[in-house]
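Hi there,

Here is the structure I promised to pass on to you. Have a look at it first, and then read my notes below.

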Amino acid sequence: TLYRMLNSGVVMKDMYNSTFGGSTASGEFADVTGLFYYYGCEGGVGKVWNYVGDHQTYLPFTAGNMLRARGYTSYAFHNYLGSYYGRAGSHPLLGYTFLAQGCGLDGLTSSWPNSDQEMAALSLPYFIDSKQPFSVYYMTVSGHGYYGFHNNAMARKNRDRVENLPFSEEVRSYIAANLELEDMLTTLVDALRDAGKLDDTVFVLTADHYPYALSSDALAELYGLSDPNGMEKGLDIYRTGGFIWCSSMEEPIVVDQPCSTLDLLPTVLNLFGCPYDSRLLMGTDLLSGADTLVILNQNGTGSAWNWINRYGCYMTSTKQFTPAAGVEFDPSLINSYVKGVNRMVTQKRTYSPKILYQNYYRYFQNAIESAQSGDK
């Protein structure tokens, strides 16, 4: 199921996922809001969802809020503790009725990690028979580290399915744990097909960060790279998978230029006809034809703001720009071009956290309402 979705929907061949804060919280925040924050911002690593909930932050451009305003029933499910990272307080502000372990999602088998497939089965009664359209967000946990058949319940559960794969035990256990996500998607597809709703349902999937719980040797093995010591020196480690898929698509739509998880939200909002101001999100609609900019805060500390676009790649550690294959640059123009893109990266890293921590969307909305009412 994962393979089919990855290769027959909107196919993102060159997709990346930054470690803005080096944690699940920062990656999830970027995926869901189209904004990013990073280590060194107010609140620190992993505190962003607590901050959103505590300050009742206004985030109108999430898929939950946008689609709920259009009459959708909106749910968010998580198969770990709802109190972790403060999601029970933040996710209703994203437009969802939130259910998780300890927060209304009853029936989960207690293990570490918990089962994605079980979460899918338990969630279906909430929306599968709904007469309203539905927007459902899942934060999965079965593929979470650490990896090994002795300390990962999902790896143990699916061990027989990976025994003959030609990989180390660590990589096989990683694949086994993530087969639970495969089973989750299969469960959802089968239920939607039986309900006659599959062809009218869109799936969007991405990750929160690369699998940094794997050892360097296992990462090199998983990524097919020969030098495990070189994993952190380049940008290949930040490559990720992601897709937008609907079973009624007649043929794949291929996105050739580099993109990131920040680009998913604006793409989905435009596909669903949701009105938003593209200047207020950090990503780019991948189907608009506009140039994308992939920002990779490589070590999570804010000191390595590398970037990639269709024209090349810039590494802050070497201050070197490498043109993409087939792209020719006038050497006299490279410095000014790099300065221009670096200026844009600086602006995004300045304003994205300010939107969050100064509740700018609320200020913006109040200003619009004031202008519409005729107030000065």
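On the surface, I253, L271 and L287 form a nonpolar patch, and their accessible area together is about 240 Å². Patches are built from residues with over 30% relative accessible area and no salt bridge; like charges are joined within 9 Å, and nonpolar side chains (Val, Leu, Ile, Met, Phe, Trp, Tyr) within 5 Å. A salt bridge here is a side-chain nitrogen of Lys or Arg within 4 Å of a carboxyl oxygen of Asp or Glu. The areas come from the Shrake-Rupley method with a 1.4 Å probe, and for residues only the protein chains shown count as cover. To find L287, look in the loop between α10 (264-271) and β10 (294-297). L287 is partly exposed, with a relative accessible area of 34% (buried means under 20%, exposed over 50%, partly exposed in between).

Before you go on, please note that this is a predicted model: local features need pLDDT of at least 70, side-chain atom pairs count only at pLDDT 80 or more, and totals for chains, interfaces and linings use all residues. Residues are numbered from 1 along each chain as its sequence is written, and side-chain values use heavy atoms, without hydrogens and water.

Next, the aromatic rings. The whole structure holds 30 aromatic pairs (ring centres of Phe, Tyr and Trp, its six-membered ring, within 6.5 Å; planes under 30 degrees apart are stacked, over 60 edge-to-face, the rest tilted). One of them is the stacked pair of F20 and F36, at 4.4 Å centre to centre with 10 degrees between the planes. This pair links distant parts of the chain, 16 residues apart: F20 sits in the loop between β2 (15-16) and α2 (24-33), and F36 in the loop between α2 and α3 (48-54). F20 is buried at 3% relative accessible area, and F36 is buried at 1%. Elsewhere, ring pairs join W307, Y311, Y314, F321, F329 and Y337 into a cluster.

Strands β12 (residues 312-315) and β13 (residues 320-323) pair in the antiparallel sense over four bridges. Helices (H or I, at least four residues) and strands (E, at least two) are DSSP runs, numbered from the N terminus; strands pair if DSSP finds at least two bridges between them. C313 has T322 as its bridge partner in β13.

Happy exploring!

Definitions and conventions
Buried means under 20% relative accessible area, exposed over 50%, partly exposed in between (1.4 Å probe, protein chains only).
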